[in-house]
Structure formats: structure tokens, C-alpha cells
Amino acid sequence: MATSTTDLKSKIIESLNLQDITPEQIDDEAPLFGAGLGLDSIDALELVVMLEKNYGIVIKDIEEGRPAFRSVRTLADFIDARQVSS
Amino acid sequence: MKLTITATGTATEADVSSARLGQRFGRMDLTSQLALLAVEPLSSHFESLARDRIAIVLAAQSSSLPTDTEYWKGRDNPGGPSPTLFTYTLPSAAIGEIAIRHRITGPNLCFVGSSQDVLPEAADSIRRGEADACVCVYANVISPALAAFIRRPLTARACALFMQPGENGLHLWQENDRDMEALCATLRPIISTK
């Protein structure tokens, strides 16, 4: 079953302690870093931990995850691809 | 040189949940949150000053031990402990958050010490010409996990004072005004009646 972007957004909000942001306010296609949600490099590491904790996906090289972290949509696609291949 | 206290602020854990100080606030450790909240009432006094001439002196009574304890507890979690938490495993982390929020780039100093350590050093930094004013902060957080470890009562509080040259502030600072918490408690009723 494909990863729910709404569920993924809730996990992002929880793991990053984003105040006053709801899943509905996050665009599936909007950039997670820089513009968009405005996340930073520490948040990227926090997302790596979130992926292992919630989806059992281990990213050993942050460069491997860089394309996946472009948006919620690319991250959901990445999770689906890794779960199919494992 | 005469020095005066021109503003003061305090914060406890009860103030944190309702506070909204930007998107980063929720990610900070409790010491940084309390320190930021205590400093907030001082900020209107920063406007007329060059930000590189404002110093910050912090005393973190429990160092970063509450955050260190939380970080250590996370070591067995899937994916390991929180990277965000790691950035707060320094006693001086709150200084960075104050500097970022208020764009303060002057000298700074962190004590792992008591509320008696801050004001004399703040006064010296102004008298030595290193700064034109000083944000003085005292924070003490003893979380439940830390309280069990060091056998001290729970606490979570911070207070802040803004020290500037002059004599027309809320309180003319004297050398024997060493205890910052006591001074904050004394000045709070004065402010509330103004």
C-alpha cells in the first residue's frame, strides 16, 4: 500500500516539533528545505531518524536521501520504493 | 561608571506551552525556551543599540544536564537519539538562540554556575568597554530524570535583566547586587506598578 502523504506529514510535524503547522498546510509538492517548510540541515538528520523509527528505513549516507527529501511527495515515493525492494 | 537595570523578565515552565516565538521555538530544549522567554520583555531596549555592542552573559545552573540526560535516554531508540537534541547538549546553547532571535553579535560568556555569577561579569564587560549593554540571563532546569539522578528538587525557571550605563533605569546597580534571581524578584513588583 502506498505511503499516505497525510500520515507522513503528521510524522514530519511530530518528529520536528513544528508548532502551529497542520498536515493540511503542507503542500505535497512544496520544497521541504529552504523555501516551503524552511527546514535546515539538523532537520534533515531528524528526518533520517524518523524514517528509521517509523518505516524501518536506514539511510547511511545523507547524500543517498538528498533527492528523497525534496518534498513530501518525493519522500513518500522513496519510502514506497525502499519498502518494495526490502 | 554607574550602571542601571533597565528591563527584566522571568519565565517558568508554565509559560512555555502557550509561547509562540517562531517556528524554531518548539524544537529547542527547555533551558533555551525559558531563557528566550525571560529575555523577550528586554527586547524593546535593544532597538537603539548596535547589536555588535550588546553582550550576553548566561549562568546555566544545571549546565546542559537535563538535555544530556534526554539525549542519553534516546540512545536505544530506532535511529538513535535526536540530532536536534544533540545541538542543545551544550550549556551555552541558549546564548545562541538569544543571539539568533535578537540578531545580537556582541561578546558572550556562559557560566555553569549560580545566579550570583552573572551581574559582576556583565558590569565588567561594560566597564572594560567590550560592550555598551549586557543581556544577563540565569536559567535553572532540573528535569524529572535529572532530579532522580542528582537528588535535587524539580525546577524550571529563568530570569533576565538588561544592564546599561546610566542611572535612570529601574534600579541603580550596586556591587553587592550579586544575586540575579533576588534582584528580578525585587524589581518585578516595581515594574508591575509602572
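Predicted model: local features only at pLDDT ≥ 70, side-chain atom pairs only at ≥ 80, totals over all residues.
**Group meeting: the chain A and chain B contact, and the helices of chain A**

Good morning. I begin with the contact between the chains, to which chain A contributes 13 residues and chain B 13 residues. On the side of chain A that touches chain B, the largest share, seven residues, is supplied by α2(A).

For chain A the mean pLDDT is 88, with 98% of its residues at 70 or more. Among the elements of chain A, helix α1, residues 5-16, has the highest mean pLDDT, at 93, whereas helix α3, residues 62-65, has the lowest, at 78.

I turn now to the packing within chain A. Helix α2 of chain A spans residues 41-55, and α1(A) packs with α2(A) at an angle of about 120 degrees. The axes of these two helices lie 10 Å apart.

Which residues meet where α1(A) and α2(A) pack? From α1(A) come K11(A), I12(A), S15(A) and L16(A). In α2(A), their counterparts are D43(A), E46(A), L47(A), M50(A) and N54(A). The residues of this helix contact divide into four nonpolar, three charged and two polar.

To close, I return to α2(A): this helix packs with α1(A), and α2(A) also gives the side of chain A that touches chain B its largest share of residues. Thank you.

Methods:
Residues numbered from 1 in each chain as written. Chains lettered and ligands numbered in written order. pLDDT = per-residue confidence, 0-100. Helix = DSSP H or I, 4+ residues; strand = E, 2+ residues; numbered from the N terminus. Axes fitted to C-alpha atoms, helices over the stretch in contact; angles between N-to-C directions. Contact = placed C-beta atoms within 7 Å. Nonpolar A, V, L, I, M, F, W, Y, C, P; charged D, E, K, R; others polar.
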